[in-house]
Number of protein chains: 2
Amino acid sequence: MQTSTLSRPFPALPDIAGCTRGTATAGYKPWDRADITLLAFAEGTTVAGVTTCSKCPSPEVEHCRRILPGGTARGLVVNAGNSNAFTGKRGAEACALQVAEAARLLGCAPTEIFASSTGVIGLPLPADKAQAGVRAAHATLGHASWHEVTAAIGTTDTFPKAALREAIVGGTKVSLVGIIKGSGMIAPDMATMLGYIVTDAAIDAPLFQAMLSHANARTFSCITVDGDTSTSDTVLAFATGGAGAPRITSNESPGADAFAAALTDLCRELAQLVVRDGEGASKFIEIRVAGAESDESAHRIAKSIANSPLVKTAIAGGDANWGRIVMAVGKAGEPAERDLLSIRFGGIEVAANGMVVAGYDETPVAAHLAGQDIDIAVEIGLGDGRATVWTCDLTHGYISINADYRS
Amino acid sequence: MQTSTLSRPFPALPDIAGCTRGTATAGYKPWDRADITLLAFAEGTTVAGVTTCSKCPSPEVEHCRRILPGGTARGLVVNAGNSNAFTGKRGAEACALQVAEAARLLGCAPTEIFASSTGVIGLPLPADKAQAGVRAAHATLGHASWHEVTAAIGTTDTFPKAALREAIVGGTKVSLVGIIKGSGMIAPDMATMLGYIVTDAAIDAPLFQAMLSHANARTFSCITVDGDTSTSDTVLAFATGGAGAPRITSNESPGADAFAAALTDLCRELAQLVVRDGEGASKFIEIRVAGAESDESAHRIAKSIANSPLVKTAIAGGDANWGRIVMAVGKAGEPAERDLLSIRFGGIEVAANGMVVAGYDETPVAAHLAGQDIDIAVEIGLGDGRATVWTCDLTHGYISINADYRS
């Protein structure tokens, strides 16, 4: 797989006190790359998470949903190459056995071991390989780099994706490392978006969860490659407390605002990296909708534009086809008045008050659309609701990847 | 544009007493084909119609919505090559002027003239060409064949699409002729699905409307090419009474059931013809969902499958990727239990009870998927709700048509 033309270099990432990393080859596919990852966390590590809205989630997602209310974590296992989704009781048993083995190795309860699987759907995770793999990964704890871990959780990703943010909490610097995999919601193997954030801050789990949910609504929930939602999407965040900074216990704690802002900012960068690795993507598209009746309405309109194959193919072709934007606004089912709409590409107004602007000159718009980063702004003209989403264009590459693939 | 490999031959269609046809070249684009159509109806003709759910409809759609409650029609004007959508006051004025000219020519009120426009979005319909065109079409009334009319309403269609049904009403045969244009909801020019049905039956308008709405919910509302909804979708049905059959005034009238069944059946054939001309389509796909909690829930699940780019590209590639079906069921947001789902391709069960069937043999499934007509059946296992939708696959042809086009 060729690296996406929209890729970004892998950043330098610090170790996080209270978190050690291991990887190994479980052999979920006939390959010799690392395909199992184990992160071990110090006692007292708190956890927050968000999972797919799919009604048919994998057993790993169900396990995470079940134990998240506990609020503490001692380990995370990630399997790549097999999503274990839609595998009935056998899949659920394999998940439970692997979690139990990790708990035994780390000396904790199974309710403190989080798990994810990504890859082919419908094949039960092989329980023997999963347990042997977690033992092998455990043996390497402390020896795997962030780059190795990020590569090990990937499937069809064309580049490893990670980001770093820092915040000052009570005078002490804390770091937030995020790693993520996924070529959008979708990928040839039904691969998924899996994101993990590890910080050496100390924060109470309910507040951590609230901050992550807030960040998720503005970042991961605002990206789309083609509107397909995986059975395994998961974002988990772990706080080890290893930096020795004062514990964040409420929104009024010193550094709480800075930490929350850094968390949201980190999530935004990770989310955008996934779009930049969207299947077949040749352009990164930001869509901003303002003037809707509410933020929720703006979000639905923006998603309708972002998921429209007609809009996405027009951008792929460098075509300033604002008529397709109107179409997508119209089909969103949200309050909108044709004669109040205005549309800008790259800041240049092309349509307003129900029709093309007087003296419309396509030249600067075409120049903007010839670039890699496309900016679309839509003003609805009805209220104060606003939202931003990110997506990529729809190209022959997408068809080649998905139609030519065999399960 | 090459004719779709899924095309159907144009049927032999009878004249309908009480309806005369004319076409002419208004010249909405630099071409010499007919691009304006006029149908004239006898006094007493009743009308029913359904229009797009888009919140940004064309002025022609708004005009039709406004006059439909009147229940009578004397004329229909269809412009091809310019959709007149998103054209503000100038577009609305052009529509009103053309309708007024047709009303003058036919000696009726403007509220009895229906109108549609299809083609490029954002350019106001040229009022002078529109009025001259309707005069030229009027001069040819009685001289245009159904085939010529069907060709004249088309834009990017690769073959003309029409169908015929008959019913016995009180011992007298009535005919229903339907013509339709559209390459799915979508097309390079933002062209639209426009469908017209003309029958020599006599039927009260409110009942006619109820029957058309019923048929629409089971036919036109059950097709999708890529989920994009046009600003101009319109289906209108006209009943001239020219057959001399007894008037249908209630569901208990002689022949009412037969007429309603013929109407629904005709709409189904027209709807499927549109899918067969879906942009880039190489396969026609029927998706049947049963066992959902309600018919509405089944419809939403079926649409989620039909609109999934992952499912559509898998079918294009002949890949029995039932995992993508599970994904699409899961993302529909409707009640579904992974472990109760079962999935069949071409009648062959591939997955049941949360996993692939024992001894799964892909050979007969692959043989089915190698054909042009694909059958997917999903059993949800929760209730009695059922629905059927029709779609086509997603191929390189779709990208070529839509990304390489310039507005």
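In helix α11(B), the residues B:Tyr398, B:Ile399, B:Asn402 and B:Ala403 are buried. Here, buried means that 20 or more other C-beta atoms lie within 10 Å of a residue's own, exposed means 12 or fewer, and partly exposed is in between, with C-beta atoms placed from the backbone. Helices (H or I, at least four residues) and strands (E, at least two) are DSSP runs, numbered from the N terminus. Seen down the axis of α11(B), its buried residues fall within an arc of 100°, so they line one face of the helix; the arc is that of the directions from the helix axis to the C-beta atoms. An α-helix has 3.6 residues a turn, so residues three or four places apart point the same way. The cover over the buried residues of α11(B) includes α8 (309-316) and α11 (396-403) of chain A.

A word on the model itself: it is predicted, so local features need pLDDT of at least 70 and side-chain atom pairs count only at pLDDT 80 or more, while totals for chains, interfaces and linings use all residues. Residues are numbered from 1 along each chain as its sequence is written, and chains are lettered from A and ligands numbered from 1 in the order in which they are written.

Now to the meeting of the two chains. The contact takes 50 residues from chain A and 50 residues from chain B, where two residues are in contact if their C-beta atoms, placed from the backbone, lie within 7 Å. On the side of chain B that touches chain A, the elements giving two or more residues are α8 (309-316), α9 (322-331), β13 (355-356) and α11 (396-403) of chain B. The largest share, eight residues, comes from α9(B).

Next, look at chain A, which has eleven helices and 15 strands. Its radius of gyration is 22 Å, close to the 22 Å that the globule rule gives for 407 residues, so chain A is as compact as a globular protein of that length. That radius is taken over C-alpha atoms, and the globule rule is 2.2 Å times the number of residues to the power 0.38. Buried residues make up 62% of the 407 residues in chain A.

Chain A is divided into domain 1 (19-276) and domain 2 (284-403), with bounds that come from an automatic or database domain assignment. Their C-alpha centres lie 33 Å apart, and eleven residues of domain 1 are in contact with eleven residues of domain 2.

The table compares the make-up of two of these touching sides by class: Ala, Val, Leu, Ile, Met, Phe, Trp, Tyr, Cys and Pro count as nonpolar, Asp, Glu, Lys and Arg as charged, and the others, Gly among them, as polar.

| domain 1 of chain A, touching domain 2 of chain A | six residues | three residues | two residues |

Which residues touch the most other members of the largest nonpolar core? Of its 275 residues, they are A:Val329 and B:Val329. A nonpolar core is a set of buried Ala, Val, Leu, Ile, Met, Phe, Trp, Tyr and Cys residues joined through C-beta atoms within 7 Å. Beyond four places in sequence, the contacts of A:Val329 include A:Ile301, A:Leu341 and B:Cys56.

Finally, six of the eight residues of helix α4 (residues 146-153) of chain B are buried, so α4 is largely enclosed by the rest of the structure. Among them are B:Trp146 and B:Ile153.
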